Amino acid sequence: IQAKIAAIATINAEIIARIEHKRSSYIIQRYSYQVQQKPMKDGYMLVMVPVSILGSGIIDQWTAPSSCAIQPIQDTFNDKIDTHITDYHSVARLSSRLAEVAIKYDLFGDNPRPSVLDILEVFKTNLEIIQVALGDLEKLTLPAECKQDEIQASLDKVNECMEAARTSYEDLMTHHPDVIMPEGQPGHGSLPPQPRPKSRKRR
């Protein structure tokens with residue numbers, strides 16, 4: 001079980017190192033997508049604006065979720081382990097502290113008593129709980145998914161449909177100039193604006 005505890009603690013330390021590396025980096029949390037009219041042309045274009053935040057802001061504002069419930073630990077060696085966690089710093093501290101104290105149980109040899117194995121099992125469980133919490137925080141430091149290609153593909157279809165409609169309209173007006181379109185519509189043969197009737201003055 002000591003090998004499992006060491007392996008989990010190592011992974012936790014690696015996650016913590018990656019999180020710390022993101023402190024000075026700007027993280028793209030989301031993208032703002034805007035569709036605008038193309039200048040001097042028919043159709044629309046996509047404008048994408050990334051919204052970023054400094055990594056330290058995400059890390060320092062994170063709070064430990066309620067699911068990160070640390071189990072009580074028997075203080076065999078009077079280490080006075082503080083298991084109270086609220087934020088990233090307390091979670092990272094506890095992960096390192098549990099790994100340090102767990103090593104002391106090697107004093108009991110390769111075949112410790114069942115009671116010692118039970119204590120070590122609590123250490124392992126707590127380190128696993130911490131690992132899940134650290135993993136959730138690390139996900140928040142990853143850049144948001146960019147959907148530019150997906151949105152642009154859909155917008156291209158819209159522009160193609162608009163171009164096809166414009167071509168069909170011009171073809172209609174070219175080959176059938178006698179067609180009368182509704183008032184206000186551009187093209188040949190459209191109805192001219194109708195004058196308003198003059199109102200008669202009352203005597």
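Author: What follows goes from the fold to the pocket and then to the cavity. This is a predicted model, in which local features need pLDDT of at least 70, side-chain atom pairs count only at pLDDT 80 or more, and totals for chains, interfaces and linings use all residues. Residues are numbered from 1 along each chain as its sequence is written, and side-chain values use heavy atoms, with hydrogens and water left out.

Reader: Which secondary structure does the protein chain have?

Author: Helices (H or I, at least four residues) and strands (E, at least two) are DSSP runs, numbered from the N terminus. The protein chain has five helices and two strands, in the order α-β-β-α-α-α-α.

Reader: What lines the largest pocket?

Author: On a 1 Å grid over the protein atoms alone, a pocket is an open set of points with protein on both sides within 12 Å along at least five of seven lines, and a cavity is a set where a 1.4 Å probe fits but cannot get out; lining residues have an atom within 4 Å of a point. Here the lining consists of Gln37, Lys38, Lys41, Asp42, Gly43, Asn159, Met162, Glu163 and Arg166. Helix 5 (residues 148-175) gives the most to this lining, with four residues.

Reader: What lines the largest cavity?

Author: The lining of the largest cavity is made up of Ile73, Gln74, Asp75, Thr76, Phe77, Asp79, Ile81, Val101, Tyr105 and Phe123.
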